[in-house]
Amino acid sequence: FFSTTPSDMPMESGPLLSPRSCSAPGHGPEGPQVWKLAVLSLAVLGGALALIPAPSPAMQSLVSASLTSPTIRVPVAPPVSAPYTLQSTHQVASPSLHQAPMGSSQPHQRAGLALAPAATWSPTALVAPLLAAMVGGLVLIARQLVAPARTQSPLTGIDVQGASWAMAAATSELETEVPAGFGVDYPFESSFLRVMKERGFLHQLTDSEALDKKMVEGVVVAYLGFDCTADSLHVGSLLQIMILRHLQQCGHKPIVLVGGGTTKVGDPSGKDASRQMLTEEQIQFNMDGISKVFHKFLKFGDGPTDAMMVNNDEWLGSLKYLEFLRDYGPLFTINRMLNFESVKQRLARESPLTFLEFNYMLLQAYDFLELNRRYGVSLQMGGSDQWGNIINGVELARRVEDQQVFGVTAPLITTSDGRKMGKSAAGAVWLNADKLTPFDYWQFWRNTTDADVVRFLKLFTELPLDRIAELAQLKGKEINTAKKVLADECTRMLHGEECLAEINEAAKALFGGDKGAVAEGMNTVDVSAAKVADGLPIVDLYVEVGFAKTKSEARRLIQGGGARLNDEKIEDLMMVVDSSTFAAGPVKLSSGKKKHVLVQLGEGSVAMMTVAGEKQATEGATMPKKADKMYITTPIYYVNDVPHIGHAYTTVACDIFARFARLDGAKQVDFLTGTDEHGQKVQMSAEKFEMPPQEYVDMRAVRFNELVEALKASNTDFIRTTEARHKRAVEKLWNVLCEKDAIYLGKYEGWYSVRDEAFYAESELVDGKAPTGAEVEWLVEPSYFFRLSAYQDKLLEWYEQNPDSIAPASRRNEVLSFVKGGLQDLSVSRTSFNWGIPVPGEPGHVMYVWIDALTNYLTAAGYAQGEALPSGGYADSDTFQDVWPAQVHVVGKDILRFHAVY
């Protein structure tokens with residue numbers, strides 16, 4: 001029963017007892033269960049054999065053959081008058097005994113035993129096997145009594161010898177993702193782990209007891225890795241830097257591992273798309289840029305606890321691929337790697353995961369092994385998205401070097417509103433001063449939301465916890481004191497005391513000093529003296545410095561009272577600045593209460609622009625006429641029928657836009673097309689074909705994808721509204737609208753067109769039909785409504801301020817006429833069919849087309865495509881603010897109203 005499975009044995013399903021699971025007690029997580037099963041099996045076997053008379057010579061030959069051959073051919077026929085046949089059907093990794101018809105040759109079968117009919121037997125024949133089973137049980141109990149203490153895996157409930165479940169987790173039978181907080185409740189004695197726990201850094205760790213003991217006994221060498229994907233780290237990496245700082249302050253040795261090698265591959269953890277491939281020169285440039293910041297937080301040198309900086313390209317760059325695969329490939333299984341949460345999330349989003357990226361896990365595990373060999377590193381730390389990679393390294397070191405090493409992760413930090421740490425509305429919050437001014441860095445922390453202040457004080461400052469507890473008691477306006485403390489402490493560590501003093505002077509001038517006061521810490525922008533001499537409209541100046549994307553947006557800012565020049569509110573939309581405006585020197589331009597910039601005259605000016613939410617610096621005296629980024633979308637094609645010439649027409653039109661933008665120098669062009677696959681029409685079409693709706697839309701979507709490919713369109717994405725990523729985005733949008741009280745439950749009663757998927761008022765009908773000529777029916781059903789009527793005035797104002805938002809002009813006038821005629825609240829759920837995305841908490845309702853289909857443009861841009869949030873739902877992807885909003889959206893004239901209004 002415990003023989004290994006021959007390599008050529010056919011196995012429709014895995015053996016009950018694999019070679020790995022047949023370890024002796026004390027040598028594997030399944031040892032006790034295996035030996036109990038062994039004793040039970042022996043008892044059953046003995047009892048069964050007791051039913052059989054003495055074996056014939058043929059049977060003896062058969063048993064002998066079973067011990068040497070995986071395939072049994074039995075030349076014995078059962079008696080025709082057999083009263084019964086007893087068969088064991090255990091699926092075991094061993095040769096089986098199975099009878100075949102006389103003269104036939106039967107290959108190996110799954111049955112474990114096939115016994116001949118019984119002859120006369122005696123109950124006394126059972127005594128020997130039963131005594132054997134009893135003796136075996138006593139031996140097992142004795143071994144259990146003297147065996148070392150065992151702990152239980154929190155993942156599977158399987159007993160694991162020793163304190164480290166991580167070693168058992170390395171087998172393919174066990175999951176490697178563990179819940180947040182795993183291991184952090186241990187009463188730590190080491191100062192480092194106590195600090196980590198008290199300040200909120202701990203998320204998961206392996207073998208709490210052994211790691212704590214090791215850190216009490218002496219210096220532990222630990223490392224954190226940073227890939228060189230940009231020439232500066234952003235504030236999202238500050239958490240990891242603070243961990244290294246605390247480690248060193250607690251008497252241990254930190255190693256900063258810069259990923260000169262792994263950057264060539266790209267870590268897929270938490271990413272929606274493959275990283276851009278960088279050249280050797282770009283990686284070196286980025287490495288030089290990110291290295292600067294570590295010297296501000298860590299002490300480097302040759303001492304026992306001095307920090308070191310190591311580049312993993314030293315060993316990864318010289319690896320021989322075939323040798324690496326041969327030596328280390330067998331130690332990793334694809335099954336287990338697919339089980340990592342970072343991979344599962346990427347695949348769930350249906351985002352491509354390249355083989356290159358998949359290799360990153362092996363390389364990071366090898367980093368840990370190599371650092372252990374070279375520098376005695378026994379602890380790897382990282383964000384929680386690195387847990388799977390860290391466990392790989394822990395297990396690799398155990399298998400190759402027989403070393404016990406450890407892993408610790410910190411939580412991925414998001415703000416209370418779900419945004420990923422390291423991003424602001426203006427873009428990344430860089431740590432290098434040449435990427436972000438110290439004043440803007442200070443202001444980022446000063447603008448922290450109330451709900452995040454105390455948590456950030458613990459994580460990003462070294463203030464004593466009792467002082468933080470005092471600040472936590474501040475409420476209302478007093479909490480601004482805590483925010484200033486946070487901003488001061490964070491800025492002091494990164495930029496120094498002298499720089500902080502200058503920033504505080506600047507802040508005093510901005511928020512509490514004389515009107516028009518300026519300070520050196522503020523960001524400065526040059527504008528062309530020649531342009532100002534001719535008179536520069538104030539709306540152009542706001543676009544020039546990056547406070548507005550368009551003149552229309554600048555006008556709205558002025559009309560809303562948020563625009564100020566030298567702290568004086570700008571009232572006149574037609575205001576012009578000229579040379580006299582700058583007679584006394586630079587002027588302060590403000591947008592709202594928190595965005596300020598110094599504007600000065602210069603000959604070689606740098607114009608600031610905002611494109612798709614990201615501020616760019618462009619050399620030259622004037623704003624560039626082309627956009628650096630473009631997001632263009634086709635209509636979302638309905639799959640109730642096959643593609644037609646109209647689908648081809650709009651796809652080609654958008655493709656022309658996209659190709660022209662690329663030729664015109666746009667650095668990033670996102671071109672989206674796809675299919676709308678929910679709704680009553682689709683359900684009815686599927687019923688006509690007698691197919692389940694999902695099967696039907698799968699069939700139709702292939703045709704639309706083939707159309708796009710046949711046209712050789714240059715689209716960067718093809719979205720289907722039945723994808724999991726879209727469901728996440730729609731659910732998030734629904735919840736956001738509910739939180740804003742923009743959705744309410746009511747009852748719809750009126751005319752409805754299945755073809756148009758639209759409701760119509762009596763006054764809109766033409767000869768008893770929809771304005772489009774479609775048939776209508778009277779419908780009464782409960783429905784959720786979106787408060788569209790509340791947005792009528794805002795829409796009209798927006799159309800007026802953005803006259804070029806709808807083209808041609810005749811269609812714009814059509815939309816204006818429709819909106820001025822009065823908007824009614826919009827039905828956004830249905831109960832008369834069920835093919836759609838269910839309304840959260842309301843299983844009887846499915847979301848209607850305007851919440852479902854129209855949201856696809858947000859989904860593809862990255863809305864709700866980031867990490868899962870502890871509070872539920874998903875954050876937006878890192879690229880969402882860079883892509884959204886779309887610049888060009890092409891639709892057919894018959895659906896213009898829905899896209900331009902709804």
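Helices (H or I, at least four residues) and strands (E, at least two) are DSSP runs, numbered from the N terminus. This is a predicted model, in which local features need pLDDT of at least 70 and side-chain atom pairs count only at pLDDT 80 or more, while totals for chains, interfaces and linings use all residues. Residues are numbered from 1 along each chain as its sequence is written, and side-chain values use heavy atoms, with hydrogens and water left out.

**View 1. Ser384 lies in a loop between a strand and a helix.** The loop runs between strand 9 (379–383) and helix 15 (387–401). Ser384 is buried, with a relative accessible area of 18%. Buried means under 20% relative accessible area, exposed over 50%, and partly exposed in between (1.4 Å probe, protein chains only). Leaving aside residues up to four places away in sequence, Ser384 touches His203, Gln204, Thr409, Ala410, Pro411 and Leu412. Contact means heavy atoms within 4.5 Å.

**View 2. Phe689 and Tyr696 form a tilted ring pair.** Rings of Phe, Tyr and Trp (its six-membered ring) pair if their centres lie within 6.5 Å; planes under 30 degrees apart count as stacked, over 60 as edge-to-face and the rest as tilted. The count by this rule is 22 aromatic pairs. For Phe689 and Tyr696, the centres are 5.6 Å apart and the planes stand at 45°, so the pair is tilted. Phe689 is partly exposed at 44% relative accessible area. Tyr696 is buried at 0%.

**View 3. Tyr744 and Phe785 are stacked.** Their rings are 5.7 Å apart centre to centre, with 15° between the planes. Tyr744 lies in strand 26 (residues 743–753) and Phe785 in strand 28 (residues 777–786), so the pair ties together parts that are 41 residues apart in sequence. Tyr744 is partly exposed, at 26% relative accessibility. Phe785 is buried, with a relative accessible area of 9%.

**View 4. Ser753 is buried in strand 26.** Its relative accessibility is 0%. Ser753 touches Ala758, Tyr760, Ala774, Glu775 and Val776, not counting residues up to four places away in sequence. From Ser753 to Trp778 the C-alpha distance is 9.1 Å, across 25 residues in sequence.

**View 5. Lys264 forms salt bridges with Glu280 and Asp313.** A salt bridge is a side-chain nitrogen of Lys or Arg within 4 Å of a carboxyl oxygen of Asp or Glu. The structure holds 32 of them. Between Lys264 and Glu280 the closest N and O atoms are 3.1 Å apart. Lys264 lies in the loop between strand 7 (253–259) and helix 8 (280–294), and Glu280 in helix 8, so this pair ties together parts 16 residues apart in sequence. For Lys264 and Asp313, the closest N and O atoms are 3.1 Å apart. Asp313 belongs to helix 9 (residues 313–316), so this pair ties together parts 49 residues apart in sequence. Lys264 is partly exposed at 26%, Glu280 is partly exposed at 49%, and Asp313 is partly exposed at 25%.

**View 6. Glu470 and Arg467 form a salt bridge within helix 18.** The closest N and O atoms are 3.4 Å apart. Glu470 is partly exposed, with a relative accessible area of 48%. Arg467 is partly exposed, at 33%.
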